[in-house]
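Let us walk through this structure in two stops. We begin with a pair of rings and end with a sheet.

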Amino acid sequence: MPGLQPAPGVRAALAIAVAVIGRGELRAQPPAVGSRFASIAGLVDDSLRRGPLANATVMAIGTQRSAVTNARGMFVIDSLEPGEVRIGVRHPLLDTLGLLILSAPMTLAAGQRLEISANTPTLASVRERVCTRGGVAIGPAMLVGRVLDADTDAPIPGPSVSLVYKDTTTGDARDHVRQARARDDGSFAICGLPESITGTLQASKGGLTTAELPVTLRNDLLGTAILTFSSSSESVAVLEGRVINKVGDAVEGAQVSVAGTPTLGLTRADGTFSLAGLPSGTHEAVVRKIGYGPASRVVALTRRQPRRITVVLASAQVLAAVRVEGKLDGGLQTSGFSNRKKFGMGHFITPEDIARRRPDLFTDLLETMPGFRIATAAGGRIVQATRATGGMADGCVNVFIDRSPFQMMQAGDLDMILHTADVGAVEAYASANDTPAEFQVPGKACATLVVWTRTRLGRP
């Protein structure tokens, strides 16, 4: 029975043993009389997760014929011309491992039905190849993946990959940090993890950093992830989608932004939105609307085609008061708040300051802030700058919440969006000259407020 080899030009990213196709002998039914076409039927097993591999694409290489495996891993490719053919199998799991399962050539006769079977690599073979002996080993699970170019799918060599997680197997509330360096082919592996964790994964290289990708294992021995950067300086990616509430109705006027970019948009009457001019890569999209809790989605943007998402907003809930604990220190550090406070030109409100002041409204924190004033209008309070900056004479203020831009649309919206129990820290820059480059908005030389929520600062 022929074994599978990586397809030409497709590298086994983790150098794992290739899968085997056809356990035992190929079974071929006698050719049907009078039929000029052949067919291939079969089964694809997932040896990693011990079950059928559903939704895998099975291709007859060199033809336009393909099929998708059903929930039982079964497929049928019909209407094949007689002659030599090779079968390939693709699936997101295999893409993460950098593999395309490919059979040796097989010869089809007119009217023939060929039956084959295939399987992915085993968990033991993956662990043997990617997990070095020794090192940290808290449990039997592993997280493997790749870091790729968002626009070409080419591997990104040598980025740093960081996993921050909580061990839900034991209920340990402490944050654990594991780091790895991706190989030249962009592959990485973090081994010896507990079977149940919740956390985030992030890659960085040369000043570029991906969004934090949520990672969850629930009694699993294998987790997979793909993170992407863009090697291009062009920002031409597009994010489209729709925002709805829990019963499926459209949410109009919700603000949609992408963290780390100045791009911001509003949903239309039917809940749809479109944001253009975005950088490719793994980013975090954030949706906010007064009366709803914020929602975020990690999205893989590419200039090759628009990325489309659907976001469901839930009604806002007022959080109970939370004690100030050192658990926010890590978030203040990773967000850059601590370093900017030490070296920056702005004014900073820490979690301890907020706990001491006990504000009823978010804007209460800004009443004595140099460079800002609070104006009262019908419907609530408005935050304004006290002086014109960069030719802007209207006291304009740029607002960022958890690094995502927020546009003040009406009086009182900041107080309605930001519940004081969830405000963790605030940075205030009275002029565009004082504002760090990452929070400057092209064409809007305004004062700047950067708000960090406790939810964001307390992420693992």
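Start inside. F337 and F348 are both buried, where buried means under 20% relative accessible area, exposed over 50% and partly exposed in between (1.4 Å probe, protein chains only). This is a predicted model: local features need pLDDT of at least 70, side-chain atom pairs count only at pLDDT 80 or more, and totals for chains, interfaces and linings use all residues. Residues are numbered from 1 along each chain as its sequence is written, and side-chain values use heavy atoms, with hydrogens and water left out.

A search of the whole structure turns up three aromatic pairs. Rings of Phe, Tyr and Trp (its six-membered ring) pair if their centres lie within 6.5 Å; planes under 30 degrees apart count as stacked, over 60 as edge-to-face and the rest as tilted. The ring centres of F337 and F348 are 5.5 Å apart and the planes stand at 85 degrees, so this pair is edge-to-face. F337 belongs to helix α4 (residues 337-343) and F348 to strand β26 (residues 347-349), so the pair ties together parts 11 residues apart in sequence. Helices (H or I, at least four residues) and strands (E, at least two) are DSSP runs, numbered from the N terminus. Ring pairs also bring in Y429, linking F337, F348 and Y429 into a cluster.

Now the sheet. Three strands form an open sheet in the order β22-β19-β25, with mixed pairing. Two strands pair if DSSP finds at least two bridges between them. β22 (272-278) and β25 (307-313) stand at the edges with a single partner strand each, so one side of each has no neighbour in the sheet. Strand β19 (residues 237-245) runs parallel to β25, joined by seven bridges.
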